[in-house]
Amino acid sequence: MTKRNKIIYWIATLWLSLGMVSSGAVQLIKLKEEVDMMTHLGYPLYFLTIIGVWKMLGVIAVLIPKFPLVKEWAYAGFFFAMSGAVFSHIAAGDGAKEFFGPILLIVLTVVSWVFRPESRRLRP
């Protein structure tokens, strides 16, 4: 792995992790704005706990060494959760500023996944 690719991987992965931990934390503590948003989107409030826990576990899976299959599932989960957030905001008629965050996290997920080191990949 080139030094350039390693830098790209770690920058994307650290920003992705920061975004997932921070959004997962506000979901777990049920911050008022987060509760209001979930209500606006029409989801039950227990989704906050489920998604918050999944985000925290996903960050752990992506950051720890080894367990490439678990990492693949974490990346897939991040992609599904954030693309679901984008489409939920679109369906609710929200403006672009509401789905900027999830789109940014999708981009970071893809960049982190594409540039991950060989040791963090599934071997055929």
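Before the first click, a word on helices: here they are DSSP runs (H or I, at least four residues; strands are E, at least two), numbered from the N terminus. This is a predicted model, where local features need pLDDT of at least 70 and side-chain atom pairs count only at pLDDT 80 or more, while totals for chains, interfaces and linings use all residues. Residues are numbered from 1 along each chain as its sequence is written, and side-chain values use heavy atoms, with hydrogens and water left out.

**Stop 1**

Select Lys66, in the loop between helix 3 and helix 4. Lys66 has a positive phi of about 70 degrees, and it isn't a glycine. Most residues other than glycine have a negative phi. Is Lys66 buried or exposed? Lys66 is exposed, because its relative accessible area is 61% (exposed means over 50%, buried under 20%, partly exposed in between, with a 1.4 Å probe and protein chains only).

**Stop 2: the nonpolar patch**

Keep Phe67 selected and show the surface. Phe67 belongs to a nonpolar surface patch of about 1,200 Å², made together with Leu28, Ile29, Leu31, Tyr46, Ile50, Val53, Trp54, Leu57, Ile60, Ile64 and Val70. To be in a patch, a residue needs over 30% relative accessible area and no salt bridge; nonpolar side chains (Val, Leu, Ile, Met, Phe, Trp, Tyr) are joined within 5 Å, and like charges within 9 Å. The areas come from the Shrake-Rupley method with a 1.4 Å probe, and for residues only the protein chains shown count as cover.

Which helix gives the largest share of the nonpolar patch? Helix 3 (residues 46-63) does, with six residues. Click on Val53, in helix 3: Val53 is partly exposed, since its relative accessible area is 35%.

**Stop 3: into the core**

Hide the surface and select Leu16, Met20, Phe78 and Leu105. In the largest nonpolar core, which has 16 residues, these four touch the most other members. A nonpolar core here is a set of buried Ala, Val, Leu, Ile, Met, Phe, Trp, Tyr and Cys residues joined through side-chain atoms within 4.5 Å. At least two residues of this core come from each of helix 1 (3-28), helix 3, helix 4 and helix 5 (96-114). Helix 4 gives the most, five residues.

Zoom in on Met20. Not counting residues up to four places away in sequence, Met20 touches Lys55, Val59, Phe78, Met82 and Leu105 (a contact means heavy atoms within 4.5 Å). Then try Ser17, in helix 1. Ser17 counts as buried because its relative accessibility is 7%. Beyond its neighbours within four places in sequence, Ser17 is in contact with Val59 and Leu63.

**Stop 4: along helix 4**

Go to Tyr75 in helix 4. Tyr75 is buried, since its relative accessibility is 4%. What does Tyr75 contact, leaving aside neighbours within four places in sequence? The answer is Tyr9, Thr13, Leu16, Val62, Thr109, Ser112, Trp113 and Arg116. Try the distance tool on the C-alpha atoms of Tyr75 and Trp113: they are 7.0 Å apart, although 38 residues separate them along the chain.

Next comes Ser83, also in helix 4 (residues 68-91). Ser83 is buried because its relative accessible area is 15%. The Ser83 side chain reaches the backbone oxygen of Phe80 at 3.2 Å.

**Stop 5: salt bridges**

How many salt bridges are there? The count comes to three, where a salt bridge is a side-chain nitrogen of Lys or Arg within 4 Å of a carboxyl oxygen of Asp or Glu.

- Select Arg116 and Glu72: their closest N and O atoms are 3.0 Å apart. The pair links distant parts of the chain, with Arg116 in the segment after helix 5 and Glu72 in helix 4, 44 residues apart. Both Arg116 and Glu72 are buried.
- Select Lys32 and Asp36, which meet at 2.7 Å, N to O. Both lie in helix 2 (residues 32-41), four residues apart, about one turn of the helix. Lys32 is exposed, because its relative accessible area is 57%, and Asp36 is partly exposed, at 38%.
- Select Glu98 and Lys97, whose side chains meet at 3.7 Å, N to O. Lys97 is exposed because its relative accessible area is 70%, while Glu98 is partly exposed, at 31%.

Note on methods. A polar contact is a pair of N or O atoms within 3.5 Å; within protein, one must be able to donate a hydrogen and the other to accept it, and residues adjacent in sequence count only if both atoms are side-chain atoms.
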